[in-house]
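This report concerns surface features and charged side-chain contacts. The structure under discussion is shown below.

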Amino acid sequence: MPIALIALSVLLQAGTEGFLSGRLDPAGSLLFSCLAFLTTAVVFALTSVLRGIHRGALGNREVRRLLYQMNLASALTFLGYFLALAWVPAALAASLMAGVGPLAVAVLGMGRGSGGPGRAGWLRAGALLAVSLAVAACTRSGGPSASAPAVLGGGVLAVLSGVGAAHLATISRRLGALEVDPIVVTAHRFHLTYLLAGVLLVAHGGPTGHGLSLGTAATAAVAGVVVPLYLLQIGAQRCPPAITMVLLTTLPGLTYLGQVLFGDRFRALSAVLIAALVALAALFTRIEARPRRSPAATTAATTPATTPVTTTEGDRDADRAGDRGRGAEGVRLRP
């Protein structure tokens, strides 16, 4: 179920980004970001208050700390990505962002002392990055701006967005372990994003009048941000970060299809590479989703037992209570 929610989120985002490709200038991108993420924060803040879960979760210090980190990472990810759409095609930006995601998750895992994903995990991340870069190269032409500095700047922003997205997947998994409701997370993760977008929009001189109409921008915001990011938040809190980022690597291919649907030129080589990328993502998701057995469990499975072990219902209840008690300040946060 979490994997299906992430997949549906990717479909909604890809269709919207395919539509937005070539229709946003920098001012329009900032206006869209401000509108989309302010709407998201308001909708889910009201929902969390009505459901009576607003204060309970935010009373935990560890949750507040993770939400502060999430605000920073969300601003980097989404402002960088939507600004990139003003200079490069959506499929190119999505290829760069999604391609670096699995590799960034592996690097972040090493930084936390987990030892990394292992040789096979590094190879999978490298393969996804290589195919994503090939897709990016094939979708280079035909963007909203043909100047080299603009394409380079947009590409850098897209890569930074991929690193931010990997950090978001990691934080989301930790919030899921703390049993924080995804509604609460979605309500409070975008405050810095819409505030920065608003400040940058004012500094830019306001909307230019050459971008999307307000009604079109609002519709795209709901279809491409409000709904899919909530679905993505649910899935990301229940899936390991590696699975989340592997699934997000399908975003470039689906975005490219969205671009073609809304009038972009079809490129056969791009279609072939995108099909390969989606196939690799599906295969690697299945591999990552396999339950991993610890060395101790493997030894126990291969070594004949000399003494039968009986697990009582009371033992199982104690184990479950102990699992719920692990986490920041020992507080179970789901209402």
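In this predicted model, Leu76, Leu152, Val156 and Leu160 make up a nonpolar surface patch of about 350 Å². The greatest contribution to the nonpolar patch comes from helix α7 (residues 148–177), which supplies three residues. Leucine 160 is located in helix α7. Its relative accessibility is 38%, so leucine 160 counts as partly exposed.

Charged contacts form the second topic. The count of salt bridges comes to two, and Glu62, Arg65 and Arg174 are linked by them in a network.

| Salt bridge | Closest N and O atoms |
|---|---|
| Glutamate 62 with arginine 65 | 2.7 Å |
| Arginine 174 with glutamate 62 | 3.5 Å |

By contrast, glutamate 62 and arginine 65 both belong to helix α4 (residues 61–84), where they stand three residues apart, about one turn of the helix.

How exposed are the two arginines? Arginine 65 counts as partly exposed because its relative accessibility is 35%. Arginine 174 has a relative accessibility of 32% and therefore counts as partly exposed. The cut-offs behind this reasoning are under 20% for buried and over 50% for exposed, with partly exposed in between.

Key:
Residues numbered from 1 in each chain as written. Predicted model: local features only at pLDDT ≥ 70, side-chain atom pairs only at ≥ 80, totals over all residues. Heavy atoms only, no water. Patch = residues over 30% accessible without salt bridge, like charges linked within 9 Å, V, L, I, M, F, W, Y side chains within 5 Å. Areas by Shrake-Rupley, 256 points an atom, 1.4 Å probe, with all protein chains shown as cover. Salt bridge = Lys/Arg side-chain N within 4 Å of Asp/Glu carboxyl O. Helix = DSSP H or I, 4+ residues; strand = E, 2+ residues; numbered from the N terminus. Buried < 20%, exposed > 50% of the residue type's maximum accessible area, 1.4 Å probe, protein only.
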